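Please keep the sequence and the structure in view while reading.

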Amino acid sequence: MFDEIDYILEAQNAEKFASLYASIPRTGSCVKVPKIYWNFTRKTVLTMEWIDGIKLTDARRISEASLNKKQLIDQGLYCSLKQLLEEGFFHADPHPGNLVATDDGSLAYFDFGMMGDIPRHYRVGLIRMLVHYVNRDSSGLANDFLSLGFIPDGTDIQLVADAVHASFGDGSRQSNDFQGIMDQLYAVMYEFNFYLPPDYALVIRALGSLEGTAKALDPDFKVVESAYPFVIGRLLADPNPDMRKILRELIIRSNGSIRWNRLERLIAAISEQSSESANETPLTWKTFDMRSVVAATEDLFCFILSEKGWWVRVFLIQDIVKAANAFLEEEALPCIFNKQEAKERFDTESDALVMRLINGFRSLQQAISLAPEVWTAMFLRTLVKSDTHRFLLDIFLSLAVYSRNKMPEAFFRCISRLLHLLEKGYDFQEDT
């Protein structure tokens, strides 16, 4: 409290905040911080630049100024996530009274008395907790709580994991609303005597204030859901081992199986947002850097092919065999070439699997087309490795054993179907 009313300290905080966040190139974000007039500032007197602005709760004036509400939310969210997950120095009280929108669409921050500064260990922990929450990984969350010092040493981790799992309920209570998430976890925190380090308590306050401020512009805003692209971008761009491990946890379950639905959505997001960048849309913080994506992909391949990834390879082979079986079904082939027919005819589980594979490959192909030389170099480096050769041989042998009786029949049905379609002059062009 005494720090908060020391105006020399607040002025120093304002200048540090401005140096870190007020000029962020190529993000579409514009943040303003009042200039400090040091000649007229003392420990009990703070003199700073006057900035005209509109309160974010004043919907009428924001509309009259023709300001883009979504853009304002994106700017505030990006700045807050950069504070919490990259730099560590953050504004702990971004409520509507401390933020205004200027006529040119910028966000101006005020009141730098309550600031937090969290070390990298806690920033990485925050990302890890978000990923584990999204994955509904109660054991992962329990271990996060222990590693961050939230629960005392010697606490039975399994009991904590069971309590977290129970807080998730049957899925109907799942929420990406920050207050909803905290409501789910409060009972667990009280039961196991959680201790939150002061700066982490400020993080919770900052996230709660951020969501409340954004809801003034968009009542449906959810901070966790909206922050997810930024977190994925951080995981892809940061080559440090701890971040790579979190990325693997996002895609690979603890038992070694692949979260195909999440991988599919990730590939689709990379393809879509990178395409926007390629079409000369201004680069924003939601756009993935393709070189970072390729580097992260290569690291993931290296892990899967390593000794530690043997269990993942087992599940991969099982999934490949299952996909091959579905792919050679008689009705699957024509739908590869025609999206409309796919929508009309794919109604079984195997059909859905084929459709997901097709969409995944289309998205991957689109992403590769944006930086073909980078992807090609990575694939060549991977293909020349002896570990890759062994894994490909394992796949071939598994397919051969599984399909010894079934595959020939399915294969010839598939070829027959294709020839029949060619004979009829089937339109293989994609719908537009």
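## Terms and overall make-up

Two residues are in contact when they have heavy atoms within 4.5 Å of each other. The model is predicted, and for that reason local features need pLDDT of at least 70 and side-chain atom pairs count only at pLDDT 80 or more, while totals for chains, interfaces and linings use all residues. Residues are numbered from 1 along each chain as its sequence is written, and side-chain values use heavy atoms, with hydrogens and water left out.

The secondary structure of the protein comes to 18 helices and six strands, where helices (H or I, at least four residues) and strands (E, at least two) are DSSP runs numbered from the N terminus. Of the 432 residues in the protein, 46% are buried; buried means under 20% relative accessible area, exposed means over 50%, and partly exposed lies in between, with a 1.4 Å probe and protein chains only. Among contacts between residues at least 6 apart in sequence, 68% join residues at least 24 apart.

## The nonpolar core

A nonpolar core is a set of buried Ala, Val, Leu, Ile, Met, Phe, Trp, Tyr and Cys residues joined through side-chain atoms within 4.5 Å. The largest one here has 107 residues, and those with the most contacts inside it are Phe 17, Phe 145, Leu 235 and Ile 251. If residues up to four places away in sequence are not counted, Leu 235 touches Ile 127, Val 131, Met 243, Arg 244, Ile 246 and Leu 247.

Asn 13 belongs to helix 1 (residues 7–21). Is Asn 13 buried or exposed? Its relative accessible area is 11%, so Asn 13 is buried. Apart from neighbours within four places in sequence, Asn 13 is in contact with Phe 89, Phe 112, Gly 113 and Met 115.

Ile 395 has its place in helix 17 (residues 386–402), and with a relative accessible area of 15% it is buried. Not counting residues up to four places away in sequence, Ile 395 touches Ile 317 and Ile 320. Ile 395 and Val 314 are 81 residues apart in sequence, and in space they are 9.6 Å apart, C-alpha to C-alpha.

## The two sides of helix 16

Helix 16 (residues 372–383) has 12 residues, which at 1.5 Å a residue should span 16 Å, and this agrees with its end C-alpha atoms being 16 Å apart; the expected span is 1.5 Å times one less than the number of residues. The buried residues in helix 16 are Val 374, Trp 375, Met 378 and Thr 382. Seen down the helix axis, these buried residues fall within an arc of 95 degrees, so they line one face of helix 16, the arc being that of the directions from the helix axis to the C-beta atoms. The face turned away from the buried side carries the exposed residues Glu 373 and Leu 380.

## Aromatic rings

A pair of aromatic rings is described by the distance of the centres and the angle of the planes. Rings of Phe, Tyr and Trp (its six-membered ring) pair if their centres lie within 6.5 Å, and planes under 30 degrees apart count as stacked, over 60 as edge-to-face and the rest as tilted. The structure holds 12 aromatic pairs. One of them is the edge-to-face pair of Tyr 122 and Tyr 200, with 5.2 Å centre to centre and 70 degrees between the planes. Tyr 122 lies in helix 4 (residues 120–134) and Tyr 200 in helix 8 (residues 198–217), so the pair ties together parts that are 78 residues apart in sequence.

Phe 145 and Phe 194 also form an edge-to-face pair, 4.9 Å centre to centre with 70 degrees between the planes. Because Phe 145 lies in helix 5 (residues 138–147) and Phe 194 in the loop between helix 7 (178–191) and helix 8, this pair ties together parts that are 49 residues apart in sequence. Both Phe 145 and Phe 194 are buried, and Tyr 122, Phe 145, Phe 150, Phe 194 and Tyr 200 form one aromatic cluster.

## Loop residues with positive phi

Ser 66 is found in the loop between helix 2 (59–64) and helix 3 (69–87), and its phi is positive, about 55 degrees, although it is not a glycine. At 64% relative accessibility, Ser 66 counts as exposed. Asn 193, in the loop between helix 7 and helix 8, likewise has a positive phi, near 50 degrees, and counts as exposed at 60% relative accessibility.
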